[in-house]
Amino acid sequence: MSIRLTFWGVRGSIPVPGPTTVKYGGNTSCLELRFGKEDRLIIMDFGSGIRELATVIMKKDLPRGPIKTSVFLTHTHSDHIMGFPFFTPLFLPTTELDIYGPVSFEDDTLDKIVGDQLRYRYFPIRLEELRAKINYFPLKEGSLDLGGGLTVTTKYLNHPILVLGYRFEFDGKVLCTAYDHEMFQNVFEAKPDQPGYNEAAVKEGEIAAREQNEKVQQFYKDADILVHDTQYTHKEYLAGKKGWGHSTFGSAIKSAHKAGVKHLVLFHHDPLRTDQQLEGLYKAYMSLIRGRTRMKVSIAQEGKTIEV
Amino acid sequence: MQDKQQILAVIQTYIAKMPSLPITVSKILQIANDPKTSPSDLNFMISLDPVLMGRVMKLINSAYYSLNTQITSLVRAIIMLGINTVKNLALSTAVLGQLSTKGNFQALNIDGFWRHSLCVGVTAKLIAIKRKKDPKQLEEYFVAGLLHDIGKIPLNNKLSAEYVTALSLTDKERGPLYILEERTMEVNHCEVGRLIIKNWNLGPVMEDIVFFHHFLDSYPGDNRDILLTVAAANFFANTYQIGFSGDRYPEKLPQSLYEELGITLDDLEAMEEKANSEIEKAKVFLSVSQ
């Protein structure tokens, strides 16, 4: 095993516990990545799923020594950081946490945006009371050597806030994330008789969107595992979800196939999607692509592990 | 009178929080607060404010720092950054503008400065079209024209008394403004403009246009074509008095410039109507509908 991925939160937007989501899970984004024989831990996102993962880490990792790990945040929308105060290792003086996330171009920095959740108005414990040592690293597009043969490359995706996709490479294996992400669109597309029609903008926009989509595809090219946003069906997308920053099943499958991805994991399930619907959609798409791709496709499920 | 270093320090502080032009603030707030803003309106609005345009370009070029080439296309920036991110940036720039409207533009008249900047942008683009430049480059000509005088904003706002003096000297001595800026403030708008472009990380082309648009003879770089185009557009805007940026007596451009560009004064004159109609169109757009 080179890379082991376990899902602790697979849902988009808001936690949705209940009988209709019990199989695939109702917690928001949180991934546990383990690398190599040393079982090196990297966490992706502080969604509500982090609480369960924290329990596992306290049981499994803490007895082996102080918890020193890195967390990569895709972005700072609430469903991706809401679990931060419930990550129990924060309260141990021996914990060292490196938190990476997209640079903020607003007045507030990454540490303030994430750490501000620990204020009396939101939570009974203040950030200053935490015992753990936390370092923040704002990221742009680029590559980082994380040591021990592990590298990570980042790519801006398309969402109503700056979001980073991550490409982890270790021991010849590649794991990528592309969420939250909507295929880049030519938002300037218009018909000549529409008000404000600008031919140059329409053409430029078309090229820009195409180039960006090609770059995203290039980013997860030949990945062994790709965890991709598939919040909507095509029908839902067209019925008012354009510009919300999420992909459709069809566009993700098509793009991942073109990029030569080996295993695509459908992720960031819509909060309204029931287990039954999810399985129904999965079956429908599998029958559509059967015999047309060698790519494996699966549904992200809480507690489920994938190894490469 | 402060020394040059003190002046530059004051200007540097101002640049970090440079506001939108008061003339565009209301429209920016209207558009950026509208959940159904059309990308075309957002695009048009940004193209009418040199400060906002500069800030969007700064964001796209600093966020995507692995880009091989500098991005100067607003359309591309909006697609890559997303409408929300751009709206957010517009809002924060406009809010700064709201806070500083009082006492702004004491020497130079804001409407005149805005018309001048837009006229130079539009005319630079028209010249480029006339010269059959690559359509992909047209926006760069526009942005260069729009931003060429950006250095006047901090001088006008932070050294208003000195700027009034410099402006009155241009009338008295019938001389170009940049020379009288140097005499009264030890710096000229080209130097200050370059500080802004560096701060915004807009790349060598914009830096050259802003710094050298009054120093064509000493220009050593590779962006001569766009520099001469902006210089011609600037001379046209000043001579035809479309807007006013304080340069009532600009230095005449050498005949060789027109020859090098392959255009004539008649060509420029023929652009007057189009430039004026573009400005009026912008003016109508900026008048906030209730």
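**Figure 1. Surroundings of A:L226 in the predicted model.** Leaving aside neighbours within four places in sequence, A:L226 is in contact with A:C176, A:A178, A:Y220, A:A256, A:V261, A:L264 and A:V265, contact meaning that C-beta atoms, placed from the backbone, lie within 7 Å. Together with B:V56, A:L226 has the most contacts inside the largest nonpolar core, which has 164 residues; such a core is a set of buried Ala, Val, Leu, Ile, Met, Phe, Trp, Tyr and Cys residues joined through C-beta atoms within 7 Å. In this predicted model, local features need pLDDT of at least 70 and side-chain atom pairs count only at pLDDT 80 or more, whereas totals for chains, interfaces and linings use all residues. Residues are numbered from 1 along each chain as its sequence is written, and chains are lettered from A in the order in which they are written.

**Figure 2. The open sheet of chain A.** Seven strands, with mixed pairing, follow the order β6-β5-β4-β3-β2-β1-β14, where strands are DSSP runs of E with at least two residues and pairing requires at least two bridges. The edge strands, each pairing on one side only, are β6 (133-139) and β14 (305-307) of chain A. Within the sheet, β2 (residues 30-35) and β3 (residues 40-44) of chain A run antiparallel and are joined by five bridges, with A:E32 standing opposite A:I43.

**Figure 3. Helix α3 of chain B.** Seven of the eight residues of this helix (residues 39-46; a DSSP run of H or I with at least four residues) are buried, that is, 20 or more other C-beta atoms lie within 10 Å of their own. Among them are B:L42, B:F44 and B:I46.

Methods:
A residue is buried if 20 or more other C-beta atoms lie within 10 Å of its own, exposed if 12 or fewer, and partly exposed in between; C-beta atoms are placed from the backbone. Two residues are in contact if their C-beta atoms, placed from the backbone, lie within 7 Å.
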